[in-house]
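Q: Please take a close look at one part of this model. I would like the answer in one connected piece, with the cut-offs spelled out.

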Amino acid sequence: MSNRELIVKIFHEVLDTTDSCLSSTLEDNTVLLDSGLDSLGFAILVARLEEELGFDPFVEMKEAVYPTTFADFVKIYDERKGAF
Amino acid sequence: MTLSELIKHSPADRLLLVAGEKHLTAQAIYSRIEIIREQRIPHTARIALEVDDHCEALIWMIALDGLVTSIFLVPTSLKQSPDYPELRHQANCTHAISDQEIVELSANQTPPNREAETEWLLATSGTTGTPKLIPHSRKSLTRTCKTDYTTGRMFTWGLVYDPFRFAGLQVVLQALHSQSTLVLCNVDAGVNQIIDELRAGSVNALSATPSFWRKLLMSGKAGSLNFRQITLGGEPVDQSILDALKNTFSLAKITHIYASTEIGVGFAVKDGKAGFPADFLNQTFSAGKLKISEGGKLLLETQNTTTTNPTFEILDTGDLVEQKGNRIYFLGRDSGAINVGGNKVIPEMVESIIRQLPEVVEVVVKPKKNSVLGQLVTAEIVAAATELSNVQLKEKIVTHCKASLEKHQIPALIKFVDEIVVNTTGKISRI
């Protein structure tokens, strides 16, 4: 499973457990803040991904990067994975 | 009456202490006390009692009460802690007594008060920080002890904690005051071995934390025990554990007590329900009067009668409570709260909700560091034998939580484990 596929899967799981709904289909250009997940949802998403992948890229960043779109978010995970 | 006088006044052949193969009657204990007293320990001595063997340690404690200026009761786990040397320094000890020897420490500079009774120093468990020394007197520690020998002699108390921790000491003093037999269990052993020791000693009265009682119920061997008195304390007591104990030990009286090293015994609840009646707020207990702060913390108003003008002092117990109707419920420790993006979550409260499910035998809720919100709530679960898969049980837990908890209080991560670790005072470790 690619990072993107895993993120999409867990994204939906978290939507489900937090009783949130996607505002529209999850696309690369979906703006995260408008996606339907609130900050608690994002916190859970990052924690669940850490459970699956064994790392939290946001903790490891020397300079904080705030992803705007869904593609930005996936890129952060891809780049962290590529670093090893 | 000093503790050695209590022993002297007990019937000589009354069995008071059992530890493994050792069976000590009142007479046997008193002979040991006399040998200790021949060692001529000065009245001015401030003793650090570091004896590891619990039975020996108790005999020393009984012998020294009323004989020396102060006794610092050192639990085994504290002696090994890096905080111990500093605490012993604060206690101004002149002598340290261990299994092997009596060591004279530096001379005490403070003048002793020969008139005053022996001061007892107890250490807090330090679950939420550095352990502190709390001074007590025999009187303050025994004010709630029952002294009815006729009933007392029908009880055999088990001790599953270090006798020098507050909860353990309460059991010791209660047993001595009512001439009950006290069976000292191997506190480092697993629950199965402890159950064997309780059964071998015909123990019918036990005081333990809710976490210990849950483990005992999970062991599958609880049916081999017969309790007449069950006491719970040290952690919030929820309705599930009270009901489970009532179902398993139908003949037992079940009491949950509110006590701590700092305040002593606060009050006891005997109606089989979690929390305590709101009426308690209007009553005066031996420890003081209960109040609730605006932030929902339980406060204790104590009266200081040692000075000529009695003063009132408000103690913050650090316990969070909430009132529902005529009942007040404990939510957990204020200092243990998890901070989810500025929202406070009390782990014990979440645990009590999850524990309502029959598929859950034990649960611990802990914080997990999170890069988005600072902390998140996580839960470790010991599941009962169930037809549900882990995924299905996780879903059931989340659905159940949603019905009574706010979004941020619901565990974001749920992990299944074989066992939940408790610390030396029998409480769940959340670190």
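How many helices and strands does chain B have?

A: Chain B has 13 helices and 25 strands. Both are DSSP runs, numbered from the N terminus: helices are H or I with at least four residues, strands are E with at least two.

A word on the basis. This is a predicted model, in which local features need pLDDT of at least 70, side-chain atom pairs count only at pLDDT 80 or more, and totals for chains, interfaces and linings use all residues. Residues are numbered from 1 along each chain as its sequence is written, while chains are lettered from A and ligands numbered from 1 in the order in which they are written.

Back to chain B. Its C-alpha atoms fill a box of roughly 70 × 50 × 40 Å along the principal axes. Of its 431 residues, 40% count as buried. Buried means 20 or more other C-beta atoms within 10 Å of the residue's own; exposed means 12 or fewer; partly exposed lies in between, with C-beta atoms placed from the backbone. Now take the contacts in chain B with a separation of 6 or more: residues 24 or more positions apart account for 61% of them. Two residues are in contact if their C-beta atoms, placed from the backbone, lie within 7 Å.

Next, the place where the chains meet. Chain B gives twelve residues to the contact and chain A gives 14. On the chain B side, six are nonpolar, four polar and two charged. Here Ala, Val, Leu, Ile, Met, Phe, Trp, Tyr, Cys and Pro count as nonpolar, Asp, Glu, Lys and Arg as charged, and the others, Gly among them, as polar.

Chain A has four helices and zero strands. Its order from the N terminus is α-α-α-α. Chain A has a radius of gyration of 12 Å, which agrees with the value near 12 Å for a compact globule of 84 residues. The C-alpha trace spans about 35 × 25 × 25 Å along its principal axes. Buried residues make up 26% of chain A.

A:Asp72 sits in helix α4 (residues 70-82) of chain A. A:Asp72 is partly exposed, because 15 other C-beta atoms lie within 10 Å. A:Thr30 is 42 residues from A:Asp72 in sequence, and the two are 9.8 Å apart in space, C-alpha to C-alpha.

Definitions and conventions:
Rg over C-alpha atoms; globule rule 2.2 N^0.38 Å.
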